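Thanks for asking me to look this one over with you. Open the structure beside these notes and find each residue as it comes up.

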Amino acid sequence: MEINKIIEDGENSFTEFKNENFHADSLAKEITAFSNFHGGSIFIGVEDNGSISGISLHNLEEKIINNCRNNIVPSVMPEILIHK
């Protein structure tokens, strides 16, 4: 499914939006929930209302991986895709 259509359809059981200033615990809870269910996608740089706020952090991928390693037990390795 096209990414713009997913964002337009909004959040649901398989889709979560987070702005780039997410709290580590909040992201860890979402990743854990998706890991324990049937998967899902977290779109960072998208507001709850579906507006695209974007990302300015250069180390965001590292921040996500460290979050998964340090705040989730057992740790998980997410698949990270970057869309410009």
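Below are a few numbered points to follow along the chain.

1. Please keep in mind that this is a predicted model.

2. Start with the largest nonpolar core, which has nine residues: Phe22, Leu27, Ala28, Ile31, Ile44, Leu60, Ile64, Cys68 and Ile72. Two elements each give two or more residues to this core, namely helix H2 (24–36) and helix H3 (60–71). There is also a second, separate core of five residues, with Ile6, Ile7, Phe17 and Phe43 among them.

3. Now pick out Ala28, one of the residues of the largest core. If you set aside its neighbours within four places in sequence, Ala28 touches Asn67, Asn71 and Ile72.

4. Which residues of H3 are buried? They are Leu60, Ile64, Asn67 and Cys68. Looking down the axis of H3, you will find these buried residues within an arc of 95°, so they line one face of the helix. They pack against H2 and strand S2 (41–44).

5. Here is a length check you can follow on H3. Its twelve residues should span 16 Å at 1.5 Å a residue, and the C-alpha atoms at its ends are 16 Å apart, so the two agree.

6. Finally, is Glu16 buried or exposed? This residue of strand S1 (residues 15–18) counts as buried because its relative accessibility is 15%, and buried means under 20%. Apart from neighbours within four places in sequence, Glu16 is in contact with Glu11, Glu30, Phe34, Ser41, Ile42 and Phe43.

Note on methods
Residues numbered from 1 in each chain as written. Predicted model: local features only at pLDDT ≥ 70, side-chain atom pairs only at ≥ 80, totals over all residues. Heavy atoms only, no water. Core = buried A, V, L, I, M, F, W, Y, C linked by side-chain atoms within 4.5 Å. Buried < 20%, exposed > 50% of the residue type's maximum accessible area, 1.4 Å probe, protein only. Helix = DSSP H or I, 4+ residues; strand = E, 2+ residues; numbered from the N terminus. Contact = heavy atoms within 4.5 Å. Expected span 1.5 Å × (residues − 1). Arc of directions from axis to C-beta.
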